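Try each task before reading its solution.

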Amino acid sequence: MTRPAASIFFLATLLMAAAELRLGERRPWPGAEAGRPALIFAGEPAWPAGVGPRLEAVGAMVVISAEVPAGKALLIDGRGILRRKGPAPESAEEAVAFVKEWELGRASFLNRCARCHGEDGADTGSPYIRALTGIGNRMNAMPIRAKLFPTVVQPDYITARGEPFTAQELDALIVFVAGL
Ligand code: HEC
């Protein structure tokens, strides 16, 4: 008799935990340092070998938090804003790539999109523009991609909203936009 009730309670707790972890939202993450992006892992299982020094070498850091579901990882920026969620990287290289892809997307966004959308995507000064804030909570990567009207001009030369990208740059841009 107690088992179904316990499972429902467990499920509800999980759903609540998931609902709280919203992209683009800022909250305190004990152990994180202002000004440094951090990859946050659940305490168990252990994070990949050597990941701390590898992330430090690229200006980021590791934080452990019981609030992260097992097997997942979160990326926060240097202000504690949740920018990316994903499966926990299995190696230090994957962990660095997870951070670097977001950073590549940020560089493109600042160069090619921020003049209208603002550095954080929140500007609504241009005519007909909507804030991009929290867009990754409203839709996943596929519809975000569609909203950029990608056009393949040549292999590895794709325009999105009129701006040119390589396939890798466009994937990274979508990762970044999802975390605004
Ligand atoms: C010249 C100004 C301008 C530039 C540059 C620009 N945008 Fe926009 N963007 C807009 C306007 C205006 C809208 C709203 C109308 C529309 O959807 O076209 C918009 C809409 C969007 C939307 C859809 C938002 C929604 O909720 O439906 C996304 C996503 C977006 N832009 C991303 C980008 C990205 C990424 C870049 C850089 C590659 C970019 N934009 C460059 C002006 C701009």
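**Exercise 1.** Work out what span helix 3 (residues 92-112) should have, and compare it with the distance between its end C-alpha atoms.

*Solution.* Helices are DSSP runs of H or I with at least four residues, and strands are runs of E with at least two, both numbered from the N terminus. The expected span of a helix is 1.5 Å times one less than its number of residues. Helix 3 has 21 residues and should therefore span 30 Å, and because its end C-alpha atoms are 30 Å apart, the two values agree. Bear in mind that this is a predicted model, in which local features need pLDDT of at least 70 and side-chain atom pairs count only at pLDDT 80 or more, while totals for chains, interfaces and linings use all residues. Residues are numbered from 1 along each chain as its sequence is written.

**Exercise 2.** Which residues of helix 3 are buried?

*Solution.* A residue is buried if 20 or more other C-beta atoms, placed from the backbone, lie within 10 Å of its own, exposed if 12 or fewer do, and partly exposed in between. By this test the buried residues of helix 3 are A95, F98, V99, E101, W102, G105, R106, S108 and F109. In the chain as a whole, 27% of the 180 residues count as buried.

**Exercise 3.** Describe how strand 5, strand 6 and strand 7 are joined.

*Solution.* Two strands pair if DSSP finds at least two bridges between them. Strand 5 (residues 151-154) and strand 6 (residues 157-160) pair in the antiparallel sense over 3 bridges, and V152 has I158 as its bridge partner in strand 6. The hairpin of these two strands has 2 residues between the strands, and D156 takes a positive phi near 65° there. Strand 6 is in turn joined by 3 bridges to strand 7 (residues 163-165), again in the antiparallel sense, with A160 opposite E163. In this hairpin, which also has 2 residues between the strands, R161 takes a positive phi near 50°.

**Exercise 4.** Which residues come nearest to the ligand, and which helix gives the most to its shell?

*Solution.* A residue is near a molecule if its C-beta atom, placed from the backbone, lies within 6 Å of it. Of the 19 residues around the ligand, C113, C116, I129, K147 and R161 come nearest. Helix 4 (114-117), helix 6 (141-147) and helix 7 (167-178) are the elements that give two or more residues to the shell, and helix 4 gives the most, with 3 residues.
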